[in-house]
Amino acid sequence: MARLSRAESQARTRTLLTETAQRLFLRDGYHATSLEKVADAAGFSKGAVYSNFGSKDELCLIVLDALYGERITEIVKVFTSGTTIEDRIQAFEAYAETMIGDAPRTQFEVEFALQARKDPDLRAELARRDAAVADALKGLIDQQTEELGLKPVLPTEDVARALLSLGIGLGVQRFVEGAPPIRVLTNTMRVLLGIAVPLG
């Protein structure tokens, strides 16, 4: 086997540390996961962690980027699968049933958001990511509107923001209370996209 170059070795180390951090953050939460635990679980020294990441919060942001990227990819896949908007909304509802309020992810994201309240720079980083997710959702809504001839009742940037905010709120409620049902989100989606809400 060819020996890895220094750059390849460093990239491999970063990948292993990031994957390990994601597993620990989702298993134990933000506060219970230290950089020392990440280093131990990945089989590296604490120095290896600090040579790749400036802080625990920097590592958290990288993990969040990966989680957000996965989520957007899955949502795009759902909304490019069926041939009608109703097919796609129903497929999204099935996906969202397992995703929104998922206990490990919700706990990690809520803990990290509360941590960010103490740090203006960290709040700004989270705000940038939030805006990027909202912009990605707007692009997806614009695509659906053009492809399927939908007539949203609000500007699509407002639709995207409303659905994102409702999804976040539902996630926290479902994490804490186990309710309300996902149809609250999907029926709101139908209303905002100018689609009739099914009876029953």
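What follows is a walk through the structure, from overall fold to single contacts.

This is a predicted model; local features need pLDDT of at least 70, side-chain atom pairs count only at pLDDT 80 or more, and totals for chains, interfaces and linings use all residues. Residues are numbered from 1 along each chain as its sequence is written, and side-chain values use heavy atoms, with hydrogens and water left out.

The protein has 9 helices and 0 strands. Helices (H or I, at least four residues) and strands (E, at least two) are DSSP runs, numbered from the N terminus. The C-alpha atoms fill a box of roughly 60 × 40 × 30 Å along the principal axes. Of the 200 residues, 38% count as buried. Buried means under 20% relative accessible area, exposed means over 50%, and partly exposed lies in between (1.4 Å probe, protein chains only). Among contacts (heavy atoms within 4.5 Å) between residues at least 6 apart in sequence, 65% join residues at least 24 apart.

Start at helix 1. This helix covers residues 6–28, 23 residues in total. Its first and last C-alpha atoms are 32 Å apart, close to the 33 Å expected at 1.5 Å a residue. The expected span is 1.5 Å times one less than the number of residues. Buried residues of helix 1 include Thr 13, Leu 17, Gln 22 and Phe 25. The buried residues of this helix pack against helix 2 (35–42), helix 3 (46–52), helix 4 and helix 6 (103–116). Just after helix 1, Gly 29 takes a positive phi of about 95°.

Now the interior. A nonpolar core is a set of buried Ala, Val, Leu, Ile, Met, Phe, Trp, Tyr and Cys residues joined through side-chain atoms within 4.5 Å. The largest such core has 27 residues. Phe 79, Phe 92, Ile 100, Leu 163, Met 189 and Leu 193 have the most contacts inside it. Helix 4 (56–78), helix 5 (85–99), helix 7 (120–148), helix 8 (156–177) and helix 9 (183–192) each give two or more residues to this core. Helix 5 gives the most, with 6 residues. Leu 193 touches Ile 141, Leu 150, Lys 151, Pro 152 and Val 159, not counting residues up to four places away in sequence. A second, separate core of 21 residues includes Ala 39, Leu 59, Cys 60 and Phe 108.

Charged pairs come next. A salt bridge is a side-chain nitrogen of Lys or Arg within 4 Å of a carboxyl oxygen of Asp or Glu. By this rule there are 12 salt bridges. One joins Arg 129 and Asp 65 at 2.7 Å, N to O. The pair links distant parts of the chain, with Arg 129 in helix 7 and Asp 65 in helix 4, 64 residues apart. Arg 129 counts as buried because its relative accessibility is 16%. Asp 65, at 35%, counts as partly exposed.

Arg 174 forms a salt bridge with Glu 97, with the closest N and O atoms 2.8 Å apart. Here helix 8 (Arg 174) is linked to helix 5 (Glu 97), across 77 residues. Asp 130 pairs with Arg 161 in a salt bridge at 2.5 Å between the closest N and O atoms. Asp 130 lies in helix 7 and Arg 161 in helix 8, so this pair ties together parts 31 residues apart in sequence.

One loop deserves a look. Pro 180 lies between helix 8 and helix 9. A cis peptide bond joins Ala 179 and Pro 180, with omega about 0°. Most peptide bonds are trans.
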